[in-house]
Amino acid sequence: MLGSMKRTSRYHRQIIHLNTSIPSLGVLDGHGKFGHEVSTFFADNLPNEVRRQLRSPTPAVELEVRLKELANFECSTQCQCTNMQQQALVDAFHTVHWNAMVDPTLKTGRNGATCITCLFNTNSGECHVAYVGDSRGIRFNNASNAVEVIASETTIDTGTEKQRVDDSEGHIRGKNLFYGPVGIAMTRALGDAVMIRAGVVPTPLVHSIQLVKDDFYRSRD
């Protein structure tokens, strides 16, 4: 994966789970005045949290309660995870988001980050993808020249995202959503704590795809 923005943070870690080495790649693009600090925090902490969740699943219960009360988002019914890797990614996103919110050194109220994360399991031949924000992840096959979008923008044009904003305290102007004077272009993000009342959630969309020989993965803004 590659990123292009000056506030982009990246990581590449090997996660050991059940004696299997699982490569983990991530790209985060910060937004807001302190977006670079926020994206760096998430890039530093997310891969370790994914590893912890794979070993010992621990939902961020306090955050899930707030999501239900303030954003009309019910994690148990709307996450739709189909395997343990997807659930670990969701719980990891939630946990690092919550940790950032309660960290007094981070300004997460009006600053946040997009994020695309992939877990590659060569034993099972799967890639597990999780994403929030308005960046896009692309899979390109060098042999066939096939191009596939594996992570798309989470905006008011995505699925039922607009309905969640309409049901919350947020309002929409053009393609952006606002809570008071604060507005962003995405319906899901890490950070941006004040936007929870506008229906903006840190819960990633997740899915799994089959690995194919000669694949190349890239992100773009």
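Analyst: Arg136 is partly exposed, with 24% relative accessible area (buried means under 20%, exposed over 50%, partly exposed in between, with a 1.4 Å probe and protein chains only). The model is predicted: local features need pLDDT of at least 70, side-chain atom pairs count only at pLDDT 80 or more, and totals for chains, interfaces and linings use all residues. Residues are numbered from 1 along each chain as its sequence is written, and side-chain values use heavy atoms, with hydrogens and water left out.

Arg136 forms a salt bridge with Glu153, at 3.0 Å from N to O (a side-chain nitrogen of Lys or Arg within 4 Å of a carboxyl oxygen of Asp or Glu). Arg136 lies in strand E5 and Glu153 in the loop between strand E6 and helix H5, 17 residues apart (helices are DSSP runs of H or I with at least four residues, strands runs of E with at least two, numbered from the N terminus). Glu153 is partly exposed at 24%.

The closest N and O atoms of Glu161 and Arg188 are 3.0 Å apart in another salt bridge. Glu161 belongs to helix H5 and Arg188 to the loop between E9 and strand E10, so the pair ties together parts 27 residues apart in sequence. Glu161 is buried at 3% relative accessibility, and Arg188 is buried at 5%. Shared partners join Glu161, Arg164 and Arg188 into one network.

Within helix H1, Glu49 and Arg52 are 3 residues apart, about one helical turn. Their salt bridge has its closest N and O atoms 2.6 Å apart. Glu49 is buried at 9%, whereas Arg52 is partly exposed at 36%. The structure holds 9 salt bridges.
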